[in-house]
Amino acid sequence: MGKVVISLDAELGWGFHDREVPESLLRNTRENWLHLRDLFDAYEVPATWAVTGHLFLDSCPRCHRDHPAGERCCQHAVGNLEANDVWCANELVDEIANAAVDHEIGGHGFTHVHLEHERMTDEFAAREIENCTRAAARQGYDLSSFVFPVNRVRRRDLLAEHGFECYRGVNRLLEERGTIGRQLTKVSSAVVGKPTPPIVEPHVDKYGLVNVPASIYLFNFGQEYEKPFAALGKDPVLRQVKAGIDEVAETDGVLHLWLHPHNLRTPAHHRRLRSIVRHIDRRRESSDLRVDTMSGIADDVQRAERSRPARAKSL
């Protein structure tokens, strides 16, 4: 039985904590959360929403002076956006959790600081994870899945210590090719339609956590690549992802798709995501394809791990 997982980096302004926050990029992001919720509801597609921990708050009275990226003040407005619309979102998280579809609420750090930051200390890293789980727990959320900020998988021991069960791993094939290699791969794949996104095999790592590797970032093309293909009436990412969905529907592997809500900047972006979700729904009706969350996948992997010694003994 093949499975599709969709994970979202739900971070609002915290995704840009280490640089100038782009008002234009965030202007419609809160609405995008709700558009995504409605789309997933319409096709009964659950997703894992990896929420930056500070967004579980409804307000924050302090400056984060000891932050590795320098002082972060979550009381500042961003252009015409009010501070709480950028840095806090507890009611928005509740909207997702109370959707018709049973979404998973996961963790994404507390302030989206990169755990490999040169000024990161062990103490601050531990607080990042602890504060994330604590803020979520105060709102009634018990976090099982984690997405590392900017996909830098570091300090997995802290996840295990704070009760997480799984995390989104990296696509090693693309990581090993480097930046130029990744860009060439994306362009060549868009032109010839190959390769499909990798079908991954989640596994238990040395910390007892389940690594659910990513297959493809749904908005991995910059505008410099999107425009020429749009002029030809083509969406190269959509073509790749549909091929991946078709492939995983015939296997026992996992196709792990991911995005940010702020990626939905144009009508074409919304069309891409609708087309992907519709294709998932069609293949689910015509095959054994299943849509699951990261924690659902982790549960399957852990069950399989527990059953192995029993089978060995029976033999």
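In the predicted model, Val-51 stands opposite Gly-107 of strand E5. This pair belongs to the parallel pairing of strand E2 with E5 (residues 104-107), which extends over 4 bridges. Strand E2 also pairs with strand E1 (residues 3-10), again in the parallel sense and through 4 bridges.

Beyond residues up to four places away in sequence, Thr-52 touches Ala-10, Glu-11 and Trp-14, together with His-108, Gly-109, Phe-110, Thr-111 and His-112.

Phe-40 is a residue of helix H2. With a relative accessible area of 0%, Phe-40 is likewise buried. The C-alpha atoms of Phe-40 and Ala-99 lie 9.0 Å apart, although 59 residues separate the two in sequence.

The packing of helices was examined next. The axes of H2 (residues 29-43) and helix H10 (residues 267-286) come within 10 Å and cross at roughly 20°. As this angle is under 35 degrees, H2 and H10 are therefore roughly parallel to each other. Their crossing is right-handed. On the H2 side, the contact is made by Asn-32, His-35, Leu-36, Leu-39, Phe-40 and Tyr-43. The contributing residues of H10 are His-270, Leu-273, Arg-274, Val-277, Arg-278, Asp-281 and Arg-284.

Helix H10 also packs against helix H9 (residues 236-248), at an angle of about 15° and with the axes 10 Å apart. H9 and H10 are therefore roughly parallel to each other as well, and their crossing is right-handed. In this contact, H9 contributes Val-237, Leu-238, Val-241, Lys-242, Ile-245 and Asp-246. H10 meets these residues through Arg-272, Ser-275, Ile-276, His-279, Ile-280, Arg-282 and Arg-283.

Cysteine residues were considered separately. A disulfide is a covalent bond between the sulfur atoms of two cysteines. A search of the whole structure returned 0 disulfides. Cys-60 is counted as buried because its relative accessibility is 10%, and Cys-166 is buried at a relative accessible area of 0%.

As regards the protein overall, 11 helices and 12 strands are present. The protein comprises 315 residues, of which 54% count as buried. Among contacts between residues at least 6 apart in sequence, 77% join residues at least 24 apart.

Technical notes. Residues are numbered from 1 along each chain as its sequence is written. This is a predicted model: local features need pLDDT of at least 70, side-chain atom pairs count only at pLDDT 80 or more; totals for chains, interfaces and linings use all residues. Side-chain values use heavy atoms; hydrogens and water are left out. Contact means heavy atoms within 4.5 Å. Two strands pair if DSSP finds at least two bridges between them. Helices (H or I, at least four residues) and strands (E, at least two) are DSSP runs, numbered from the N terminus. A disulfide is a pair of cysteine sulfur atoms within 2.5 Å. Buried means under 20% relative accessible area, exposed over 50%, partly exposed in between (1.4 Å probe, protein chains only). Axes are lines fitted to C-alpha atoms, for helices over the stretch in contact, and angles run from 0 to 180 degrees between N-to-C directions. Angles under 35 degrees count as roughly parallel, over 145 as roughly antiparallel, 65 to 115 as roughly perpendicular and the rest as oblique. A crossing is left-handed if the near helix is turned anticlockwise from the far one by less than a right angle, and right-handed if clockwise.
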